[in-house]
Amino acid sequence: MDYRPRPEDSRFILNAVLDAPSRLRALAPFAEVDEALQAQVLEEAARFVAEAVAPINRGGDEIGCRFANGEVATPPGFRAAYQALVDGGWPGLSAAVEDGGQGLPAVLEAILYEWLSAANHGLTMAPGLLHGAYACLKHHGSDELKARYLSKIATGEWLATMCLTEAHAGSDLGQVRTRAVPQADGSLRVNGGKIFISGGEHDLTPNIVHLVLCRMPDAPAGPKGLSLVLVPKLQPDGTRNAVHCERIEEKMGLHGSPTCTMRFDDATGWLVGEPGRGLAAMFVMMNAARLHVALQGIGLLDAAWQKAEAYAAERRQMRAPGAVPASRGAEAADLIAEHPAIRRILDTQRAWIDGARTLAYRSALMLDVAAHDADPKARERAQHWCSLVTPVLKAACTQQAFHGASECLQVFGGHGYVREWGIEQIVRDARVTMIYEGTNEIQAIDLLVRKVLPDGGAAMSAVLLELRDALDASREADADVQRRLAQLRYLGTTIAMAAHANPVLSYEVADDYLRAVMLAMLAWAWARIDAAEATPAERAARAGPAAALRRWVLPEFDMRLAIVKRACEGVAMTHDAAKTPAAAR
C-alpha cells in the first residue's frame, strides 16, 4: 500500500492541541490565515502527495538514480512529479509573496514536508533544502544575488545544495580545504572537492545553486576562517560553470536521491555574507534543515505504522491470548492486531508519532512567532525554544523512525523482510536520518554542552517552566508530567556541577540527557492531547497509544535519569578521593 496522509490527524493537533489558528492570527502576516484556509491547504496537500508523489516511491527505490558522463538521471516519474510540485506552488508555501512564495505559516510547510517524506523520501530530498537555502540567501545574500537567485529558489524553479563535507573532514568543518580566490570583478574562483552532496547533480531543474563552504586566502585555520560562496551550475550568461559530479554513491537506502561527489575546478562563485562568517550564514540553512529532518523521522515512522496497522488488520495467526471466543466466529485464527505483542508495537509507535508531531508542529509555530511577533520578549522565547528543542527533535525523532520502523517490520514476520510489502525500504531509508545534518551524537553534544551548560541551564529551565505552566496540576497526568519536568531541571544542575570536576562527563552523558528531555516533552505533549477537546471516536482511537506511552515508553525516563545520576555520582566520588591526602587513604 502507498502512504496516504491523514489531514484530520494533523488538524486535531494544530487546532485542538496547539490552538494554532488563534496563535497565527495574532501575527500580522497571518491575520487572515484562519482555520478554514489551513484546512483547505492541508486537504490539497494531502491529495497531491497521495496522487502524485506516493505512487512512484517504490519505482524510485528499485530503479534508483543513474550516473553516466557526469550527468544524473532520476528515476522514472520523478521529473514529472517534481514539476507538478513546482506548478502547484508547494516549494514556496512559506516563502514571502514578494519572492514568489505564498506567504503562509511555516507550520503548514512543516506538515507538507512530513507527508512528502513519508510518501517518497527519495524525491523529497530534492526540495528539502530549498527553505534553508532561501532563508540563508534572504538574510545574508547581496541585493544582486537575491535579485538573481532568490525567487528561483523560493519557487523551486531551481534547486539548491548545501556543500559542507569533504573526504578528510566529516563533521569537523574546521578542516575544510576548498579554496575561494577573489577576482577583480568581485567574483571568486572556487577549487576543491565535496562528498555526500544530496542532489549535487540531477535532471529535475536546469540550474542547481550550490552553497559551498570554503576558505579564502589568508583565512585563519579552523571554523572561524570559513566563508560561504554561491556557485551555480549555470553561470548568469547560461554557460556551464566548472562544477562537476564525479560519481553518485551506492547507498543502503534513498536510492531515488542522488548523493554526489562534487569537484569545483576554478568554478565561478559569489560571496554570501561576510568573509570568514560562512558558518553563521550556513547555520540559518542547517537549523531549518534539522527541523525538516525531524519531520522526516515522524513521516517515515507514520508510513511504517500505516503499513503495519493495515497488515495487522488483515493477517490471521493463531489464537490471541485474552480474545473473546464468541467474537471469533468460524475463523480458525485471530487477527494479529488482537495479539498483545503486536498491539504493543503498534500503539507504542502511534504514541511516538502523535507526541512528536505535537512538539514538531509547536516548533514550527515558534518559527513563525520568532519571525513575526510584535513582542520582542515573545520572539526571544520562541528563539530559545527552537534553539533548544530542534536538536532534541532531530535526534529523537530520527532514532525512533529507524527503530520504530524496524519494530513495524516485525509485525509482518517473514513477509516484512521481502521487498513486495515495502516496509523494508522504510527501514533502509530511515537509517540515514540519524547521520546527516549532524549525527545524533553531535545533536546531543550541541544541546547539553553548547546550549544547556554555558548558562547553567537557565534557558532550558525557562522552557521547562513554560511547559509546566501550561499544565493543570489538579489532573493526575499533568501532575506526573510536572514532576518529570522538575526532575529534568534538577538533572541539568547536577550535570553542571559534576562537569566542573570532569569536563568530559557532559560529552559522555549527552545522549542520555537528550533522550530524557525528549521523553519528558513527549509526556507533556500527550498530556495536552489528553486534555484537548475531542469526539468520543477520537478519544477511543487515542486510548491505546496513551496507555502504551505510560506503560512502555515513559519508564525509560527514569532509566535515563538513573544513568546520568550514576555517572555524576562517580565523578563526585573520584573528585573527593583525589582531594583526600595520601596518608588518610
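Here are some questions and answers about the predicted model shown above.

Reader: How should I read the residue numbers, and what kind of model is this?

Author: Residues are numbered from 1 along each chain as its sequence is written, and side-chain values use heavy atoms, leaving out hydrogens and water. Local features need pLDDT of at least 70, side-chain atom pairs count only at pLDDT 80 or more, and totals for chains, interfaces and linings use all residues, since this is a predicted model.

Reader: Does the span of helix H18 agree or disagree with what its 18 residues should give?

Author: Helices here are DSSP runs (H or I, at least four residues), numbered from the N terminus. The expected span is 1.5 Å times one less than the number of residues. For H18, residues 536-553, that should be 26 Å, and because the end C-alpha atoms are 25 Å apart, the two agree.

Reader: Where in H18 does a kink lie?

Author: The bend at a residue is the angle between axes fitted to the seven residues ending there and the seven starting there. In H18 there is a kink of about 35°, shortly before proline 545, and it lies at alanine 543.

Reader: Which residues have the most contacts inside the largest nonpolar core?

Author: A nonpolar core is a set of buried Ala, Val, Leu, Ile, Met, Phe, Trp, Tyr and Cys residues joined through side-chain atoms within 4.5 Å, where buried means under 20% relative accessible area, exposed over 50% and partly exposed in between (1.4 Å probe, protein chains only). The largest core has 175 residues, and those with the most contacts inside it are Tyr513 and Met518.

Reader: Which helix gives the most to this core?

Author: The helix in question covers residues 505-531 and gives 18 residues to the core. That helix is H17.

Reader: Is asparagine 69 buried or exposed?

Author: Asparagine 69 lies in the loop between strand E1 (66-68) and strand E2 (71-73), strands being DSSP runs of E with at least two residues. Asparagine 69 has a positive phi of about 55° although it is not a glycine. Because its relative accessibility is 81%, asparagine 69 counts as exposed.

Reader: In which strand is aspartate 266 found?

Author: Aspartate 266 also has a positive phi, of about 55°, although it is not a glycine. With a relative accessible area of 46%, aspartate 266 is partly exposed. The strand covers residues 259-272 and is E9.
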